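Please take a moment to look over the sequence and the structure before reading on. The report then goes through a few selected features, one part at a time.

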Amino acid sequence: MPRAGFASETRVFDPVAVIPVYNHPGTIGEVTQRILAHGLPCILVDDGSDADCAQVLDGLADAHPQQVRLVRLSRNRGKGGAMIAGFQAAAAERYTHVLQIDADGQHACEDIPLFIEQARRRPDAVIAGCPVYDESVPRGRLYGRYATHVWVWINTLSLDIRDSMCGFRVYPLASLVELLDDARIGWRMDFDTDVIVRLHWRGVPVVNQPTRVTYPRDGISHFRMGRDNLRISWMHARLFAGMLLRAPMLLWRKVGA
């Protein structure tokens, strides 16, 4: 399993969990403890949370100084902005892979070993969570995801990405850093889809890992139906234009596969 704490040397396979946190004081403690139980160090990114959540994050970092690093943003940047800050911190510590997981407890932490083992076997690939929902999923959210699925299949000219919106995945950090240096990725709810499509364009393989996803009845969602759907629609339009430019390359890749 990965080392405890943070060191300067680069390892062949050395993952860290990055968790974006925006006002989840009631769940982030349990999520962090469950991640640490799997031997995985954590980078918690405080995305401009209120004082009560910030205090919880301070307590986690103080209680686990060798395993938990806290990155604090002075203002809310959105999920993508928080993840990018976490990626930068992970790269500075020379980790090789980042496990992304949400702070609200909807992801199955017991599946972390499956994601890590897949990443160990395929260190060049994104290990992308493919949700298996129970009856707790809001039907509007479930049906709305299919529109994004179709657009992703169009914009990659493939069915390689089964679900682009799940925030439970493992990234190869070197490929991700190269992408972030070259492209502007969506900073809010458009982030998860934007980044995985652009990595796919660059030839980064995607391994789809089924995982259980639940929606707690008292869960806190920061998805804003009107604003975020407009942002996601604009992202799909940008990606479609990018796909048209890359279509010959994408088609050639399919022929050569």
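Predicted model: local features only at pLDDT ≥ 70, side-chain atom pairs only at ≥ 80, totals over all residues.

## Strand β5 and its partners

Strand β5, which covers residues 126–133, is mostly covered, since six of its eight residues are buried. With strand β7, formed by residues 206–213, β5 runs parallel, and eight bridges join the two strands.

## Helices α1 and α2

Helix α1 spans residues 28–36 and helix α2 spans residues 51–63, and their axes come within 10 Å of each other while crossing at roughly 25 degrees. Because angles under 35 degrees count as roughly parallel, α1 is described as roughly parallel to α2. The crossing in which α1 passes α2 is right-handed.

On the side of α1, the residues that make the contact are I28, G29, T32 and Q33, while α2 contributes V56, L57 and L60. When these residues are sorted by class, the contact of α1 with α2 has four nonpolar and three polar residues, and no charged ones.

Definitions and conventions. Residues numbered from 1 in each chain as written. Heavy atoms only, no water. Buried < 20%, exposed > 50% of the residue type's maximum accessible area, 1.4 Å probe, protein only. Helix = DSSP H or I, 4+ residues; strand = E, 2+ residues; numbered from the N terminus. Pairing = 2+ DSSP bridges. Axes fitted to C-alpha atoms, helices over the stretch in contact; angles between N-to-C directions. Parallel < 35°, antiparallel > 145°, perpendicular 65-115°, else oblique. Left-handed = near helix turned anticlockwise from the far one by under 90°. Contact = heavy atoms within 4.5 Å. Nonpolar A, V, L, I, M, F, W, Y, C, P; charged D, E, K, R; others polar.
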